[in-house]
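This report goes through one structure in short sections. Keep the sequence and the 3D view at hand while reading.

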Amino acid sequence: MKKWQVAVVLCLAAIGSWFGLTTHAQAAEYTIATDTTFAPFEFQVKGGQYKGIDIDLLKAIAKKEHFTYQLKALSFNAAVQQLSANQVDGVIAGMNITPAREVTFDFSKPYYTSGVVMAVAKGSTVKNFNDLKGKTVALKTGTAGAAYGKSIQSKYGFKIKYFNDSNTMYNDVKVGNSSACFEDYPVMSYGIKNGIPLTIISKQHNAGDYGFAVKKGKNAALLKKFNAGLAAIKADGTYQKIINKYLHAKESKITGETASSRTFFGLFSQNLGTLGKGLWMTIELTVISIILATLLGLILGVLGVMPGKLGPAVSSTIIYIFRGMPLMVLAFFIYIGIPDLIGHGFKIPAFIAGMITLMLNEGAYTGAFVKGGFQAVDKGQMEAARSLGLPYWKAMRRVVMPQGIRIMIPSFINQFIITLKDTSILSVIGIVELTQTGTLIIARNFEGFKIWLMIAIIYLIMITLLTWLSNWVQRRIN
Amino acid sequence: MADTALKVHVQDLHKSYGETEVLKGLNLDIKNNEVVCMIGPSGSGKSTFLRCLTDLEVPSKGQVVINGYDLSDPKTNIDLVRENIGMVFQHFNLFPNMNVLQNITLAPVQLKKLTPAAADKTARDLLDQVGLADKATALPTALSGGQQQRVAIARALAMHPKIMLFDEPTSALDPEMVGDVLDVMKQLARDGMTMIVVTHEMGFAKEVADRVVFMADGLIRESGAPKDIFEHPQNPRLQDFLNKVINV
Ligand SMILES: Nc1ncnc2c1ncn2[C@@H]1O[C@H](COP(=O)(O)OP(=O)(O)OP(=O)(O)O)[C@@H](O)[C@H]1O
Ligand SMILES: [Mg+2]
């Protein structure tokens, strides 16, 4: 009794302090979203900072124009969706100015012009567009490369496979699942310079302009400042310096890494801080979600076995909805859908959205087995307790629940492990937990195998520890 | 109504599960200090009848008044009614998550009938009375069936009920355990407890009952002093039933 009260208080305190932190962080004038894995325009470097052409341009422009902003690194898709849902004030993410986008967004003056190239694996038999017939082409959603690929698809007769980040796309080409990819020239060429084993085999097509975007009719002042700042840094040479720095440099120069640190342990010690942060976020999410989901699950379970029709009906409806919905859909719905629906600039911090997502989903699963556990307690127990004169809730709490919960312990342990693993899905709404940390590290150093191995080992260690802890608790209870 | 001698008044009691009518209009009055044994073939509705007396089953029709409380009156607080009725089940239904003492003290303490210390004392006295003084801290799973049933009786007695209902208290027991439980019940009867006992123990019924009630097919077919019921049964179904039971 005492212990769970302590848990609830701790949990509320954690949520409270988190709200405190976010409101504090939002003291900046603007929130500007960017992509996470689009080197050299934006990518994460050691210690979790973001660098790249977009990042540096924005910084220089803000300095010139004296405005402050908070940078929010999301996937390109999430950034664009958030802009249209009014969750952020602007997006700078190597975003092409297209007529379609101009319907919903206002763009700055172009700050960079680039074209799309086709890249294939080294030694590939594909030499030009004609060789693509019947093959699969990898595209990154929302990019100019994707638009170009789609536009020539029927002409050259290839299949299309979409990805959410560049590295997974490159990798698909590298291992041969896809035969080619279309990518912006500076991005592709930067990647190749930094070790991606692909070659560019076409000239630049469909040259397009990159622009900074705000939601149509909103933030005109910000747009004006951006344009003025852009003109100013072009005039004083800062602009060219930034472009040169990224287009003609190796990633190691920018991030300060050395070749000798590319071994497994070298990479590990180098990224220790970043991995630690991601790990901590995963743990935080897991612990808070487990507590909330368990509370919700207990409530749903108790409702589910309540006498009368209403309680069980409410319980099974909630369980049905949230167990049936894929976690990712639920996360998007809460993070992007609900603010969209409410409007008025309503925002949900990603962490809170992630927590609610896990609470509802894992809580529904928990509710189902809690209900089953209570039902598995012999009916005679409730009857005996009631026959002594104990009211329903007292009988439930003193007699049925303790026995039911004992039956449920293995299911709880299982659910805790699933919750831990499910936190990784929340990377889609931009929460930088362990999995997203991996994506970000690989985005700059392209060491997919070693980093994913590292992350897999960390998850296994956590799950082992969690299992030991649970088994210890289980032994104590029995 | 509290000081009339009637402990139980059942009138035209019906109970149906869906289409099937299990109780078909029972009438029964039980006086203070009376011990009534109910016998009858399996499925005749004896358990259902007992459960209707404590609202574990809700009658489809008819009236049940117990200890002066009318169960069909919506103002009646059923928890209060149950505090004054001791119920003993065929399968004991002890709480396996509590030891013997905790099983007995749970209700008196939770319902603020007794302080924890007083409840503890009462529980130990009751355990002494049922011959299990040394089992106070044992878990139910560590007890034999006969011992568990005696704990269940002690648990019911801890609430100082005004009437005790027993639903085949010995039929889940190994034969050598039956005697101990019946001895406890006989002592209760001698102490003046009002009791309704559904049983297949004809010897017990003959020896202890003030009245024996025979049920078949949802109706009371015959009722009377043990001597009359066992030596001069009138109803052919009772004659048939007794033949079967005695010739087993
Ligand atoms: N919940 C229920 N739903 C449907 N039918 C039921 C239910 N409970 C009991 N019955 C039926 O009611 C009839 C009477 O059952 P009851 O348990 O009262 O008989 P009994 O006289 O106690 O029998 P036994 O000696 O076997 O304990 C049986 O036919 C039984 O199948
Ligand atoms: Mg029965």
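## A parallel pair in chain A

Strand S8 (residues 136–140) of chain A runs parallel to S10(A), and 2 bridges join them. One point of this pairing is A:Val137, whose bridge partner in S10(A) is A:Ala180. The model is a predicted one.

## Strand S10 of chain A

S10(A) is mostly covered, with 5 of its 5 residues buried. Which residues point one way from S10(A), and which the other way? A:Ala180, A:Phe182 and A:Asp184 point one way, while A:Cys181 and A:Glu183 point the other way. All of these residues are buried, on either side of the strand.

S10(A), which spans residues 180–184, also pairs with S7(A) in the antiparallel sense, over 5 bridges. Two places in this pairing can be found in the view. A:Met118 has A:Phe182 as its bridge partner in S10(A), and A:Ala119 stands opposite A:Cys181.

## Strand S7 of chain A

Strand S7 covers residues 112–121 of chain A. How many of its 10 residues are buried? The number is 9, and the strand is described as mostly covered.

Strand S12 (residues 205–210) of chain A runs antiparallel to S7(A), joined by 4 bridges. In that pairing A:Thr113 stands opposite A:Asp209 of S12(A). Strand S11 (residues 198–200) of chain A is also antiparallel to S7(A), and 3 bridges connect them. Here A:Ala121 has A:Leu198 in S11(A) as its bridge partner.

## Chain A as a whole

The strands described above belong to a chain with 19 helices and 13 strands. Chain A has 478 residues, of which 53% count as buried. Its C-alpha atoms fill a box of roughly 85 × 50 × 45 Å along the principal axes.

How much of the contact in chain A, counted at a separation of 6 or more, comes from residues 24 or more positions apart? The share is 75%.

## Where chain B meets chain A

On the chain B side, 22 residues are in contact with 17 residues of chain A. The size of an interface is often given as the accessible area lost when the parts come together. For chain B and chain A, the buried area is about 1,700 Å². Carbon and sulfur atoms give 58% of that area. Three residues, B:Phe95, B:Asn97 and B:Gln110, supply 28% of what chain B buries against chain A, more than any other three residues.

There are 2 salt bridges between the two chains. One salt bridge joins the side chains of B:Arg51 and A:Glu383, at 2.6 Å from N to O.

## The chain B side of the interface

Which elements give two or more residues to the side of chain B that touches chain A? They are helix H2 (78–83), strand S6 (85–88), helix H3 (100–110) and helix H5 (145–157) of chain B. H2(B) gives the largest share, 4 residues.

By residue class, the side of chain B that touches chain A has 14 nonpolar, 3 polar and 5 charged residues. B:Arg51, the chain B partner in the salt bridge with A:Glu383, can be looked up in the view.

Methods:
Residues numbered from 1 in each chain as written. Chains lettered and ligands numbered in written order. Predicted model: local features only at pLDDT ≥ 70, side-chain atom pairs only at ≥ 80, totals over all residues. Heavy atoms only, no water. Contact = heavy atoms within 4.5 Å. Buried area = accessible area lost by both parts, 1.4 Å probe. Salt bridge = Lys/Arg side-chain N within 4 Å of Asp/Glu carboxyl O. Nonpolar A, V, L, I, M, F, W, Y, C, P; charged D, E, K, R; others polar. Buried < 20%, exposed > 50% of the residue type's maximum accessible area, 1.4 Å probe, protein only. Pairing = 2+ DSSP bridges.
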